[in-house]
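Open your viewer, load the model and get ready to select residues as you read. Each stop below tells you what to pick and what you will find there.

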Amino acid sequence: MIYDIIIIGGGVTGCTIARTLSKYDLNICLLEKEADIASGTTKANSGVVHAGYAADRKYIKRNLCIQGNKLYTQAHEELNFPFRRIGSFVVALEDIQIGELEEKRKKGLQDGVPDLELILDKEKIKQMEPNLTDKVVGVLHAPSAGIVSPYEMTHALAENAAMNGVKFFRNQEVIKIRHQEYVFTVKTGEGEFQSNNLINAAGLYASRISKMLGLDYFDIMPRKGQYILFDRNMLHLNKILFPSPTKVSKGILVCPTVHGNTFVGPNAQNIVDLDDLSTTTAGLKEILEGGMKLIPNLPVRSSIRNFAGLRAVPDTMDFIIDNTDVYGFINVAGILSPGLTSCFAIAERVEEFLELLGVEMKVKDDYNPIRPKPERFTNFTREELDKKIKKDPLWARIVCRCETIPEREIINAIHAPVGATTVDGVKFRCRPGMGRCQGGFCRPRVMEILSRELNIPIEEITKRGEDTNIVVGKTKDFILRKLEQEGR
Ligand SMILES: Cc1cc2nc3c(=O)[nH]c(=O)nc-3n(C[C@H](O)[C@H](O)[C@H](O)COP(=O)(O)OP(=O)(O)OC[C@H]3O[C@@H](n4cnc5c(N)ncnc54)[C@H](O)[C@@H]3O)c2cc1C
């Protein structure tokens with residue numbers, strides 16, 4: 001079969017494009033090299049929906065961020081992912097920084113960022129954010145900024161796209177592309193796919209994909225950012241807190257998550273290895289010190305996890321969204337921050353490009369933009385829970401005690417469209433393993449459930465795909481085999 005469109009890359013960019021295009025009467029598929037979608041940069045970032053005042057006006061990412069932020073309201077209503085507009089502060093600790101913040105406020109308002117205000121009244125600032133350092137001299141308040149769960153949003157996008165007919169193929173690393181007589185033949189490690197149009201949303205690997213078609217006009221370098229995540233309910237922050245920005249990043253922020261944790265990070269370190277997600281003592285020290293400048297009482301002892309994410313930094317420092325010289329091939333590359341914020345606006349731009357290419361964009365009669373809200377134990381009232389449990393006892397079988405996740409939620413995550421097939425896949429959909437014990441208690445149970453529901457041996461259950469198997473067999477079986485070999 002020849003698809004109308006193939007999308008390469010199942011991060012937030014590829015999945016937003018897939019979901020946006022799923023309303024049209026088109027045959028679409030998405031190819032992802034990892035065992036699951038949302039496994040690249042989309043998995044590890046700050047999860048901030050930026051207001052849009054930060055980037056320089058010369059970059060397209062500025063406008064796409066401002067538009068993208070606005071588009072979150074409708075997307076959130078339709079797709080039911082965790083998102084809250086809590087607002088952000090850029091914190092000035094010296095008088096000299098105030099002028100810069102005022103400049104950002106003025107330009108931001110002119111460009112359509114709503115309700116930006118400079119607050120210099122220290123008492124008011126401390127009322128709004130009591131934990132903030134006493135050294136604060138002023139803040140730029142952006143009420144439209146928000147927090148989102150980037151991977152839960154991406155799963156919601158993929159689910160809705162799949163409901164509307166998009167085919168998702170995981171474990172499909174694109175290794176070669178041919179373009180002949182207006183047909184792309186995309187070779188993966190597992191097979192071949194053909195399409196009339198091809199969208200490159202391969203994140204850190206996007207320049208490699210572009211080069212497969214002879215288009216060598218940009219490079220992507222990874223820039224690492226490290227984080228420390230604190231346990232839930234150890235610190236209550238009302239706002240996303242940024243320091244006054246530096247040239248290479250928005251600085252080390254302290255931020256609440258949609259699930260009630262707090263994190264500090266990221267720093268910014270240029271590296272070469274596209275897979276280097278290590279954290280370092282020096283990096284963690286840097287972010288702790290940075291965070292404590294804003295929140296001196298960071299709950300340092302309640303750290304539950306360190307992790308790192310890699311920004312896909314293009315040499316242009318801006319998003320590369322191009323209808324290229326290869327007819328039907330669209331690059332959506334270099335989607336560094338604020339790519340998560342901009343994704344809905346980026347997808348609209350891709351729609352425009354496809355129209356320019358003459359793709360017939362007829363909305364399907366049966367398009368359904370609603371992805372039902374996943375049922376969560378922790379969201380039910382006592383009465384609702386009683387009813388649920390009476391009908392289905394699996395609602396009462398708690399697998400993850402830290403996050404209170406029952407077996408039913410895990411089964412639902414496995415059988416959802418584009419459902420979980422790995423331990424991490426379950427974790428990033430419904431949170432077992434996200435809590436204080438980091439899966440120490442629930443992981444074996446999750447493995448058993450995956451094995452039973454997918455009907456595969458437990459030894460084949462992986463953490464996140466190939467070569468990440470967790471067990472090799474039963475200890476008893478090994479001993480029996482050894483005894484047999486020894487003739488005992
Ligand atoms: C430290 C950090 C903090 C950030 N904070 C924010 C923030 O607060 N707000 C914000 O708006 N943005 C933020 N960003 C940016 C945001 O995370 C990215 O813009 C966004 O996640 C990019 O998504 P993507 O889909 O383009 O890339 P990815 O998520 O990397 O997806 C690309 C996908 O393509 C797949 N792929 C690659 N090669 C192939 C191949 N050959 N075949 C098949 N599949 C392939 C990969 O496996 C991957 O799943 C941050 C980024 C970082 C690193």
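The tour goes from the domains to a contact between two of them, and then on to single residues and pairs.

**Stop 1: colour the domains**

Please keep in mind that you are looking at a predicted model. Domain 1 is made of three pieces, 1-82, 147-218 and 315-373. Domain 2 takes 83-146 together with 221-310, and domain 3 covers 377-475.

**Stop 2: where domain 2 meets domain 3**

The C-alpha centres of domain 2 and domain 3 are 32 Å apart. Six residues from domain 2 and eight residues from domain 3 take part in the contact. How much area is buried between domain 2 and domain 3? The value is about 650 Å², with carbon and sulfur atoms giving 35% of it.

Select Arg232, Ile304 and Arg305 next. Together they supply 59% of the area that domain 2 buries against domain 3, more than any other three residues.

Two salt bridges are counted between domain 2 and domain 3. To see a pairing of this kind, pick Glu403 and Arg232, whose side chains meet in a salt bridge at 3.1 Å, N to O. Between domain 2 and domain 3 there are also four residue pairs in polar contact. Sorted by class, the side of domain 2 that touches domain 3 has one nonpolar, two polar and three charged residues.

While you are here, select Asn233. Its phi is near 60°, a positive value in a residue other than glycine. Asn233 sits in the loop between strand S13 (220-230) and strand S14 (240-243). Is Asn233 buried or exposed? With a relative accessible area of 65%, Asn233 is exposed.

**Stop 3**

You will find His50 in the loop between strand S3 (48-49) and helix H2 (60-79). His50 counts as buried because its relative accessibility is 12%, and buried means under 20%. Which residues does His50 touch? Leaving aside residues up to four places away in sequence, they are Cys65, Asn69, Phe242, Lys250, Ser337, Pro338 and Thr341.

The peptide bond from Ser337 to Pro338 is cis, with omega near 5°. Pro338 belongs to the loop between strand S20 (329-333) and helix H8 (339-356).

For another cis bond, jump to Gly265 and Pro266, where omega is near -10°. Pro266 is in the loop between strand S16 (262-265) and strand S17 (269-270).

**Stop 4: salt bridges**

How many salt bridges does the structure hold? There are 29 of them. Side chains of opposite charge can pair when their charged atoms come close.

Begin with Glu78 and Arg19, which meet through their side chains at 2.8 Å, N to O. Glu78 lies in helix H2 and Arg19 in helix H1 (residues 12-21), so this pair ties together parts that are 59 residues apart in sequence. Both Glu78 and Arg19 are buried.

Move on to Lys126 and Asp134. They form a salt bridge whose closest N and O atoms are 2.8 Å apart. Lys126 counts as partly exposed, at 23% relative accessibility, whereas Asp134 is exposed at 54%.

Then select Glu407 and Arg397, a salt bridge at 3.4 Å, N to O. Glu407 is in helix H10 (residues 407-415) and Arg397 in the loop between helix H9 (382-391) and strand S21 (398-400), so the pair ties together parts 10 residues apart in sequence. Glu407 is buried, with a relative accessible area of 1%, while Arg397 is partly exposed at 43%.

**Stop 5: Asp467**

End the tour at Asp467, in the loop between helix H12 (443-454) and helix H13 (475-485). Phi of Asp467 is near 65°, a positive value in a residue other than glycine. Asp467 counts as exposed, at 70% relative accessibility.

Technical notes. Residues numbered from 1 in each chain as written. Predicted model: local features only at pLDDT ≥ 70, side-chain atom pairs only at ≥ 80, totals over all residues. Heavy atoms only, no water. Domains from an automatic or database assignment. Contact = heavy atoms within 4.5 Å. Buried area = accessible area lost by both parts, 1.4 Å probe. Salt bridge = Lys/Arg side-chain N within 4 Å of Asp/Glu carboxyl O. Polar contact = N/O pair within 3.5 Å; in protein donor to acceptor, adjacent residues only side chain to side chain. Nonpolar A, V, L, I, M, F, W, Y, C, P; charged D, E, K, R; others polar. Helix = DSSP H or I, 4+ residues; strand = E, 2+ residues; numbered from the N terminus. Buried < 20%, exposed > 50% of the residue type's maximum accessible area, 1.4 Å probe, protein only.
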